[in-house]
Amino acid sequence: MKDHYAVIGNPIEHSKSPLIQSYFANETQQFMDYTTLLSPLDGFEQTVRQFFQQHGKGLNVTVPFKLEAWNLCDELSDYAQQAGAVNTLFYQDDGRIYGANTDGLGIVRDLMVNNGVTLQGKRILILGAGGAVRGILQPIMQQQPEQVFIANRTAAKAEKLVEHFASFQSVISTLNGGGYEEIPLQSFDLIINGTAASLNGMLPPIPVECCQNMQCCYDMMYSDKPTPFVQWGRDNHAVLALDGLGMLIEQAAESFQLWRGIRPNTAPVFHLLRP
Ligand code: ATR
């Protein structure tokens with residue numbers, strides 16, 4: 001019998017995960033299938049447990065269930081523990097549910113391996129302080145950037161996040177946060193958009209001083225057309241203006257590796273989705 005996997009969310013029908021994971025499965029010759037699983041908004045835990053009782057092996061978790069997923073795990077990876085959010089569930093042979101968060105590794109790999117962007121010693125501005133940003137902060141800080149500033153519309157949320165990740169302030173890196181008006185008026189090497197603003201076609205207010213020497217801007221959202229943030233990056237002469245498609249594929253590869261113990265090749269699927 002094939003092993004079953006799925007991506008669970010609400011809504012879920014437009015997810016690209018089945019295409020990506022099925023491609024990985026073919027490429028690595030794994031005997032498995034991967035579908036979408038729509039969960040009622042008030043029935044996440046029940047839907048997950050039912051899936052595992054019916055021989056499901058693993059789930060990717062997407063909006064709006066990453067926090068609930070964190071809560072139902074019996075065991076958590078270090079990244080998931082810190083992030084307070086889980087995007088990968090793995091049903092163990094003993095019936096325990098293991099939760100991981102592969103989003104941070106996904107963005108770091110896309111930046112560093114796929115696009116040759118160095119994080120060590122760099123100045124990074126992160127926009128947003130919601131679940132998406134929580135998920136990526138630890139792997140980014142581990143690369144020892146010189147400075148990270150988290151800017152958020154609601155300043156208190158950015159300050160809370162900085163407090164939570166305070167243990168990552170080392171001799172090399174400094175981590176600060178606040179409202180948009182508190183962003184240091186200096187150039188940043190990398191600006192990451194982790195806000196939901198571009199869903200509404202909006203841009204966070206980024207001071208012009210921040211992008212004088214911008215090597216890369218990265219939108220965690222992705223779209224077939226350039227997102228408003230990617231367009232902003234191009235208009236402001238970012239050397240690289242990337243959206244989150246690469247991150248999506250890399251976080252999927254990390255989940256796949258956790259489940260199957262084999263690392264798929266990600267470049268072909270990127271070219272398939274963005275010819
Ligand atoms: P997610 O889990 O996807 O990060 P979230 O926790 O709701 O979702 O966080 C959304 C982020 O986008 C927050 O940082 C939010 O700012 P607030 O904390 O002030 O709400 C940010 N955001 C949403 N719409 C925005 C907009 N129009 N301009 C700037 N920031 C926006």
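A polar backbone atom of A132 lies 3.0 Å from an oxygen atom of the ligand, a polar contact in the sense of a pair of N or O atoms within 3.5 Å. In the side chain of N152, an N or O atom is 2.7 Å from an oxygen atom of the ligand. For T154, the distance from a polar side-chain atom to a ligand oxygen atom is 2.5 Å. The ligand taken alone exposes 640 Å², and the protein buries 71% of that; such areas come from the Shrake-Rupley method with a 1.4 Å probe.

The model is a predicted one, in which local features need pLDDT of at least 70 and side-chain atom pairs count only at pLDDT 80 or more, while totals for chains, interfaces and linings use all residues. Residues are numbered from 1 along each chain as its sequence is written, and side-chain values use heavy atoms, with hydrogens and water left out.

A pocket is an open set of points on a 1 Å grid over the protein atoms alone, where a 1.4 Å probe fits, with protein on both sides within 12 Å along at least five of seven lines; its lining residues have an atom within 4 Å of a point. Of the 13 lining residues, D110, N114, N115, G246 and F270 lie nearest the centre of the pocket. Two or more lining residues come from each of α5 (103-114), α9 (245-260) and α10 (267-273); helices are DSSP runs (H or I) of at least four residues, strands (E) of at least two. Domain 1 (3-101 + 247-273) and domain 2 (104-243) each give at least three residues to this lining.

Most peptide bonds are trans. The bond from N10 to P11 is cis, with omega near 5°, and P11 sits in the loop between β1 (3-9) and α1 (17-27).

How values were computed. A polar contact is a pair of N or O atoms within 3.5 Å; within protein, one must be able to donate a hydrogen and the other to accept it, and residues adjacent in sequence count only if both atoms are side-chain atoms. Domain bounds come from an automatic or database domain assignment.
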